[in-house]
Amino acid sequence: MTRVRTTARGDGRRLAARHRNIELGLLALAVAVCLAGHIDAGLALTGRMPPGLLVHGLALGALAGAAHLAVRRFAPYADPLILPLGVFLTGFGLVLLDRLDFSYKAAHAAKGDYQKLPAAPSQLMWVFISVAAAIALIVLVKHHRFFQRYVYLLMAGALILLAAPVLSPGDSFGAKRWIRLFGLSFEPDEFVKVAITIFFAGYLMASRDALALAGRKVWGLTLPRGRHAGPVLAIWVVSLLVLIFERDLGTSLIFFGVFIVMLYVATERTSWVVLGLLMAVGGAAVVGTVEPHVHGRVEAWLHPLDYYKPVHDKAISEQPAEALFSLGTGGMTGTGLGSGRPWLIGFAGRSDFIFTTIGEELGLAGVTAILLVYVLLVQRGLRTAIGLTDPFGKLLATGLSAALALQVFVVVGGVSGLVPLTGKALPFLAAGGSSLLANWLMVALLIKLSDSSGRTALDPVQPSPEPLPAQARPAEPSAPGPYEAPGPYDPDTPRDPSVQHPTDPTPAGPLSSAPGAADPSAPTELRPAYGHPPNQSAP
């Protein structure tokens, strides 16, 4: 027995070390691709190599190397793809912003407005801050269950941050999403999505049994019981309040959508999804009718070319139509980095409309490649959720992946005309320190979650670095009583339903993880969350 367990543990550690080497190679590839894009854009714009290329490459490589060393030391069993995907998206965002800064400076130098100011230097500063914060989280947080202790505190802080922009004077481009302090501005909703996801994971883990209870059937659909629909109604009301007072359609959709996704994962009931979609569509329809700013975005979505009519709704801007022109110009392979005219999109070209730069200069091929990178990052998060054994971790990994997927959907869908514009920043690529910092914290959380998943799969005999919370620990064994051998089973004999009999089936439910269901010290088949299982030798 001991020989099998020791061999399996050694194979698991060797496979984890191999994954870290794969991660290092992918990081080098990500940095090389970003530098190649920087050189290509510089040659197209100026005909010579971009200045400061060596410093830029060394800085990006040093950041990636520092993050890799932190993962190798403090999360050795983590998924080898999550960090390289985050580094690639961040580095490519710097390439796009540097390319746009050159064109915006040339186009707006004579106008003298704020659009001539560069965005890449401040974004590079936020890259250092964001990666440092991610490294600190990886180093200081031993296990993801650490956040389970503070779910209600995080929820209280998230609600305060969510309501803070309402008290901030003035609007920014029609919405109240920013807080300005001491000359600086940041978007609190970017951090709220992380805190809210942690709270949802803790709340649904404790309440999933009650929420999974079925109520009456209506038109063939099993609806939940009325008293259990209160949390969904409360979240729906909060999302509508955000939409009404802050006129922030994107945050409202992400906020409510993440909760519905996590609720379905926790309860496995389709009725919650149907109910959530009906509530979301109904609430958005009402607010879109009565709120002028949201109504204007819906009209611009439905009739983007009406802007060029002599008489049109003043709430309709030119950007939806310009985005369609830009994407159509790119064709299949694009005009090439630095050879398009994406600055014509206006003030939002370096935020959510940075996606049009990809479509115009890299074409459908480049758009597909970037979207596949996002899909792969979301897939690794969901794969991590499958490999985790505790319900809190499963829900947290699912919620973080859903938040990223929903934000990419609302941004790309708004720019391409699939859904109304929301004004959210495209994760990792768009300019904005708040968005970048929040997304790198999500990456760090996914790395810690995947480390727990890989540790369980590849090193099953190693104890968890973080003890279970008191409410999740196995109950103390009761004092042994006199042994009574079970008699023959008689189906006609009435039995106490609260007593578990040897012949009764084991109860199962969504996210079931009964403590003590398996002996962690017993030899087990290795089931890694990624890669192939290591070979086990016979005793």
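Which residues form one aromatic cluster? In this predicted model, the members are Y152, F199, F200, Y203, F255 and F259.

**View 1. F200 and F255 make a tilted pair.** Their ring centres are 6.1 Å apart and the planes meet at 40°, which is why the pair counts as tilted. F200 belongs to helix α6 (residues 188-211) and F255 to helix α8 (residues 249-267), so the pair ties together parts that are 55 residues apart in sequence. Buried or exposed, where do F200 and F255 stand? Both F200 and F255 are buried.

**View 2. F428 and W440 meet edge-to-face.** With planes at 85° and centres 6.3 Å apart, the rings of F428 and W440 form an edge-to-face pair. F428 sits in the loop between α13 (391-416) and α14 (433-458), while W440 is in helix α14, and twelve residues separate the two. F428 is buried, and W440 is buried too.

**View 3. The charged end of R73 sits over the ring of F74.** Look for the charged end of R73 at 4.9 Å from the centre of the F74 ring.

**View 4. R350 lies over the face of Y104.** Here the distance from R350 to the ring centre of Y104 is 4.3 Å.

Technical notes: Residues numbered from 1 in each chain as written. Predicted model: local features only at pLDDT ≥ 70, side-chain atom pairs only at ≥ 80, totals over all residues. Heavy atoms only, no water. Phe/Tyr/Trp six-rings, centres within 6.5 Å; stacked < 30°, edge-to-face > 60°. Helix = DSSP H or I, 4+ residues; strand = E, 2+ residues; numbered from the N terminus. Buried < 20%, exposed > 50% of the residue type's maximum accessible area, 1.4 Å probe, protein only. Lys NZ or Arg CZ within 6 Å of the ring centre and 35° of its normal.
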